[in-house]
Amino acid sequence: MSQADQACMARALQLARKGLYSTHPNPRVGCVIVRDGQIVGEGWHVRAGEPHAEVHALRQAGPLARGATAYVTLEPCSHHGRTPPCADALIAAGVARVVVAMQDPNPQVAGAGLQRLAQAGIEVQVGVLEGEARSLNAGFIKRMQHGLPFVRVKLAMSLDGRTAMASGESQWITGPAARSAVQRLRAGSSVVISGADTVMADGARLTVRAEELGLDAELAALAMSRPPLRVLVDGRLRVPAAASFYQAGKALTATCAPVSAQQPLLDDGHQVLAIPGSDGHVDLHRLLSELAGRGANEVLVEAGPTLAGAFARAGLVDEYQLFMAARFLGSSARPLLDWPLQQMAEAPQLKIIEMRAVGDDWRIIAVPQIQG
């Protein structure tokens with residue numbers, strides 16, 4: 001792997017990240033075409049149904065693509081979907097070499113694109129900056145390989161690990177910079193999930209607010225053009241149809257309640273997903289599987305200790321994003337997670353992969369530590 005290859009792939013990944021807020025359910029992909037050491041074409045996938053990154057880059061390169069090297073962050077597709085195969089476009093353009101960060105986990109592709117390129121006499125190299133490419137599309141990879149979305153749980157807490165006062169008051173624990181970061185997390189997610197307690201106590205709407213994103217005009221417009229699906233987990237349908245959550249726009253409610261109780265939400269144009277459960281609690285694994293079936297790559301859970309704790313106890317969390325404010329809320333305040341543990345041996349081990357200041361607060365990104 002040469003330094004030149006790494007530099008060109010790094011640029012392709014930078015382009016791919018521009019699709020962070022708009023490509024769902026497709027992966028984020030970037031492409032750079034280089035000839036004689038000069039970039040002659042660049043492209044990135046903007047949204048599903050529109051041309052892929054390779055097509056944009058080839059259009060920009062024009063005849064200069066012949067004999068060039070194409071750097072692509074994900075294996076070029078080989079099947080006819082909503083757009084023609086990108087592998088065929090690269091072959092037709094006459095590129096001499098294709099460098100790919102990672103193989104496509106989609107069973108419809110899974111090496112077939114690379115094979116088609118090689119059979120056409122194109123030199124193929126795979127694995128340049130693969131780790132970065134996999135991180136960028138962790139949700140797409142998990143959905144393709146396991147039939148489940150990548151689940152992030154966002155939590156805001158005090159230094160003493162509390163999320164709200166005993167009364168339920170919680171706005172605002174963290175400052176504007178942290179809230180802006182949360183808005184970007186929402187915008188980059190396929191689905192945002194909350195629970196009945198949070199919606200009723202905080203009047204939560206879970207919408208994306210353009211003025212708080214802190215993005216340039218182009219990316220902000222893309223983010224607002226594809227807002228995440230808002231999902232309410234409400235096993236007993238305690239949240240009325242007149243609640244601000246529902247008034248903020250169409251939403252999906254996952255519930256165990258009988259069909260007769262669902263009618264007010266259906267009458268207002270909302271979706272209701274009947275999910276079996278026990279004691280009025282929705283089966284969360286089943287919910288995630290249903291969402292993946294609808295094309296959800298990444299799910300953001302923004303909920304109180306009960307629902308967040310339920311996801312944690314079920315082993316369904318891939319990543320925790322904790323925003324920590326420099327204040328104490330006291331011993332009577334509410335805990336971070338409803339997860340009663342009796343012995344130290346039961347305490348799950350986390351690996352902190354990032355910690356940085358966000359305004360006056362701190363953000364900690366941690367993932368469950370694989371045991372054994």
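**First stop: a residue in a strand**

Select Val34, which is buried because its relative accessible area is 12%, where buried means under 20% relative accessible area, exposed means over 50% and partly exposed lies in between, computed with a 1.4 Å probe on protein chains only. Before going on, note that this is a predicted model, in which local features need pLDDT of at least 70 and side-chain atom pairs count only at pLDDT 80 or more, while totals for chains, interfaces and linings use all residues. Residues are numbered from 1 along each chain as its sequence is written, and side-chain values use heavy atoms, with hydrogens and water left out.

Val34 belongs to strand E1; helices (H or I, at least four residues) and strands (E, at least two) are DSSP runs, numbered from the N terminus.

Next, select the five strands of the open sheet, whose order is E2-E1-E3-E4-E5 with mixed pairing; two strands pair if DSSP finds at least two bridges between them. Strand E2 (38-44) and strand E5 (123-126) are the edge strands, each pairing on one side only. Within the sheet, E1 (residues 30-35) and E3 (residues 69-72) run antiparallel and are joined by four bridges, and Ile33 stands opposite Ala70 in E3.

Then show helix H1 (residues 3-16), which packs on the sheet and touches E1, E2, E3, strand E4 (97-100) and E5, its direction making about 145 degrees with that of E1. Such angles run from 0 to 180 degrees between N-to-C directions, with axes fitted as lines to C-alpha atoms, for helices over the stretch in contact.

**Third stop: an annotated residue**

Which residue does the UniProt annotation "active site" cover? In the unreviewed entry it is Glu54, and such annotations may be inferred rather than shown by experiment. Glu54 lies in helix H2 (residues 53-61) and counts as buried because its relative accessibility is 2%.

**Last stop: two domains**

Finally, colour domain 1 (3-136) and domain 2 (147-368) separately, with bounds that come from an automatic or database domain assignment. Their centres, taken over C-alpha atoms, are 34 Å apart, and 12 residues of domain 1 are in contact with 15 residues of domain 2.

Definitions and conventions
Contact = heavy atoms within 4.5 Å.
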